Amino acid sequence: MTVKLSRRTKAIAAVAGAASIAIIAAGCAPSSDDSGSDGGKVELTVATFNDFGYTDELLQEYMDANPNVKVVQNVAATSNDARANYFQKLGKKGLADVEAIEVDWLPEVMQYSDLLAPVPADLKDRWLDWKTAAATDADDNLIGYGTDIGPEGVCYRSDLFAAAGLPTDREEVAKLLDGDWAKYFEVGAQYTAATGTAFFDSAGGTYQGMINQVEAAYEDPDSGDITATTNPEVEELYNQVLDASATQSAHLGQWSDDWFAGLSNGAFATMLCPGWMLGVISGNAEDVTGWDIANTFPNGGGNWGGSYLTVPANGANVEEAQKLADWLTAPEQQVKAFENAGTFPSQNDALTSDTLLGSTNEYFNNAPVGQILTDRANAITVAPFKGPFYFQVNDAMQQALTRVEDGTQDKKASWDQWVSEVEAIG
């Protein structure tokens, strides 16, 4: 999930049931037990942000099977708000019994892994290896229950492509965009020349897809030194996206009100699409019929975001919270969360589920999203190293890109300011 650039709660309530997955018939019922270690009523709080697909109906399933448990979900306005609250209160009081975290917070979270209740050992094989490894500390304690991952395709407006004289069929669009980032921007130049309108939503959103393909973008994995400002790959991507942005971007910062409006008013024709983005689009552009998704991604596979559930070790109901986190991240519930919000599962069994692989999304022109996103997940070859300073450096980069897009600074001045800001970190 993710980063300053991550999912946003706004209008998420409108997101529901986009994928036409059949109701899972077997293996999905929560295990019934006499929850409440003292036999009394237990209220468990779950703190999330954006949309994890934890609908009232899903949580009610757990409560029906565990009548002594009441589950209350608190959804933060933004992931940044959730992150600030998490680090202010971790090890103290005030956190929820189950706290969601984004993958990009992990480097910082791992510094305080002793403040979190480990995931029981018998659950460790549930997830993709790299998903588990990223949340395992030096003492071999897994401190997060993996929720989703963010394999990316390219979402596009087929009606806008038609107006530009470009292919509209998703397989043809995938062939059209097949290649590296230069190819993506080459097609963008065709589109803007034909229509005079923007090809992609923002430099920041596009850059996030690009930087997620760099193995060690900002920090040296061995020394921990911040290398962001001297890494030629970073500067090359910065220049490449801003050069294209000058004519191809709608200059709409992701998660801004204008960006949400742009999802429905045709302000841009494409955007990078991890699975969780599908729910954001369909929930905020309900009346648009042209959105589709192509089984391709510039320069190969890419993962954007993903999250975990953690259980603070000093909570009042640690054992009950672990049971709930276990249930919420079981393969059956993860497929349901995908059905509810497009959050793509990180569990091995879920990824081989016929239900998942056969799922389609009516809103996206009945796209076979289960198969497409599985293909995109299998195309991922790089698991980027993200050290303790990743979030701060990347957040500063996003602001640098925004300064250029909104005309506050030119490309060089904004880069120079970013360099100064990064040099002050650490």
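**Figure 1. Contacts of Pro-221 in a predicted model.** Beyond its neighbours within four places in sequence, Pro-221 is in contact with Ala-216 and Phe-385; contact means heavy atoms within 4.5 Å. Pro-221 sits in the loop between H8 and H9. Helices are DSSP runs of H or I with at least four residues, numbered from the N terminus. Pro-221 is partly exposed, at a relative accessible area of 47%. On this scale, buried means under 20% relative accessible area, exposed over 50%, and partly exposed in between (1.4 Å probe, protein chains only). Gly-315 is 94 residues from Pro-221 along the chain, and their C-alpha atoms are separated by 33 Å. The model is predicted: local features need pLDDT of at least 70, side-chain atom pairs count only at pLDDT 80 or more, and totals for chains, interfaces and linings use all residues. Residues are numbered from 1 along each chain as its sequence is written, and side-chain values use heavy atoms, leaving out hydrogens and water.

**Figure 2. The crossing of H8 and H9.** The axes of H8 (residues 203–211) and H9 (residues 232–248) come within 10 Å and cross at roughly 145°. Axes are lines fitted to C-alpha atoms, for helices over the stretch in contact, with angles from 0 to 180 degrees between N-to-C directions. H8 contributes Ala-203, Thr-206, Tyr-207, Met-210 and Ile-211 to the contact. From H9 come residues including Val-234, Leu-237, Tyr-238 and Ser-245. The contact residues divide into nine nonpolar, three polar and no charged. Here Ala, Val, Leu, Ile, Met, Phe, Trp, Tyr, Cys and Pro count as nonpolar, Asp, Glu, Lys and Arg as charged, and the others, Gly among them, as polar.

**Figure 3. Helix H11.** H11 spans residues 275–284 and is mostly covered. Ten of its ten residues are buried. Among them are Trp-276, Met-277, Ser-282 and Asn-284.

**Figure 4. Aromatic pairs.** The structure holds 30 aromatic pairs. In one, the ring centres of Trp-259 and Phe-260 are 5.1 Å apart and the planes lie at 75°, so the pair is edge-to-face. Rings of Phe, Tyr and Trp (its six-membered ring) pair if their centres lie within 6.5 Å; planes under 30 degrees apart are stacked, over 60 edge-to-face, the rest tilted. Trp-259 and Phe-260 are both buried. Elsewhere, ring pairs link a cluster that includes Tyr-156, Trp-181, Phe-200 and Phe-297.

**Figure 5. Charges over rings.** Arg-126 lies over the face of Trp-127, 5.4 Å from the ring centre. The charged end of Lys-131 sits over the ring of Tyr-308, 4.2 Å from its centre. This requires NZ of Lys or CZ of Arg within 6 Å of the ring centre and within 35 degrees of the ring normal.

Notes: Helix = DSSP H or I, 4+ residues; strand = E, 2+ residues; numbered from the N terminus.
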